[in-house]
Amino acid sequence: MKKIFWFVIFLFCMPAGAKVEVHFTPSSACEDSIVSLIGSANKTIDAAVYSINNDEIVRALKAAHQRGVRLRILTDKTQAGLKSSKVLDLYRYGINIKVNSSFKIEHNKFAIFDGQKVSTGSFNWANPASQKNSENCLFVAHDSKTVARYAKRFNELWALNS
């Protein structure tokens, strides 16, 4: 109940021009939206994500890297070491990845695209998140204050981790 209250407060505090999208899983809606944002990014993608093994998201990240988009990804050390993780694959591909070294768990799940849009929520960048789990994702655009807060937090996390 408390989470619903804060979500409603969040929505009512959004600037008038802000655009918000919400999706739930199991479905491909979160995955499709994230892949679309990665595909439309021109300059930067900064992401702090707990788990990365979603094939479509990994493919989109590689394509963004090929286009010259600057990627910075921070992920969880335990998850990065799992057999199903794609972190090493992305690292070997040349993508700038840091593995959490400052906290017990890097449990964030947010990304900033071109300093203009944010994705957040419980959605892990993992195949089960789309196919089996009950998760959510929230996308915010045209809200410079919210985007700036996420960018600030990402930069803090990036600086803290080796």
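User: In this predicted model, which residue is the bridge partner of I112 in strand 6?

Analyst: The partner of I112 is V118.

User: What makes strand 5 and strand 6 a pair?

Analyst: Two strands pair if there are at least two bridges between them. Strand 5 (residues 109-113) and strand 6 (residues 117-121) are joined by three bridges, so they count as paired. The two strands run antiparallel.

User: Why are strand 1 and strand 4 called edge strands?

Analyst: The open sheet has seven strands in the order 1-7-6-5-2-3-4, with mixed pairing. Strand 1 (19-24) and strand 4 (96-99) each pair on one side only, and they are the edge strands. From one strand to the next, the twist averages 10°.

User: Which strands does helix 7 lie across?

Analyst: Helix 7 (residues 144-160) lies across strand 2, strand 3, strand 4, strand 5, strand 6 and strand 7. Its angle to strand 5 is about 110°.

User: Why is D114 called partly exposed?

Analyst: Buried means under 20% relative accessible area and exposed means over 50%, with partly exposed in between. D114 has 21% relative accessibility, so it falls in the middle class. This residue lies in the loop between strand 5 and strand 6. Phi of D114 is near 55°, a positive value in a residue other than glycine.

User: Is H142 buried or exposed, and how do you know?

Analyst: The relative accessibility of H142 is 59%, and the cut-off for exposed is over 50%, so H142 counts as exposed. H142 is in the loop between strand 7 and helix 7. Its phi is near 60°, again a positive value in a residue other than glycine.

User: What is listed about the peptide bond from T25 to P26?

Analyst: That bond is cis, with omega near 15°. P26 sits in the loop between strand 1 and helix 2.

User: What makes a set of residues a nonpolar core, and how many residues does the largest one have?

Analyst: The residues must be buried, of nonpolar kinds such as Leu, Ile and Trp, and joined through side-chain atoms within 4.5 Å. The largest core has 29 residues, and I38, L61 and W125 are among those with the most contacts inside it. Helix 3 gives the most to this core, with five residues. L61 touches I38, L71, I73, L90, I95 and W125, leaving aside residues up to four places away in sequence. Another core lies apart from it and has nine residues, including I112 and W158.

Note on methods:
Residues are numbered from 1 along each chain as its sequence is written. This is a predicted model: local features need pLDDT of at least 70, side-chain atom pairs count only at pLDDT 80 or more; totals for chains, interfaces and linings use all residues. Side-chain values use heavy atoms; hydrogens and water are left out. Helices (H or I, at least four residues) and strands (E, at least two) are DSSP runs, numbered from the N terminus. Axes are lines fitted to C-alpha atoms, for helices over the stretch in contact, and angles run from 0 to 180 degrees between N-to-C directions. Contact means heavy atoms within 4.5 Å. Buried means under 20% relative accessible area, exposed over 50%, partly exposed in between (1.4 Å probe, protein chains only).
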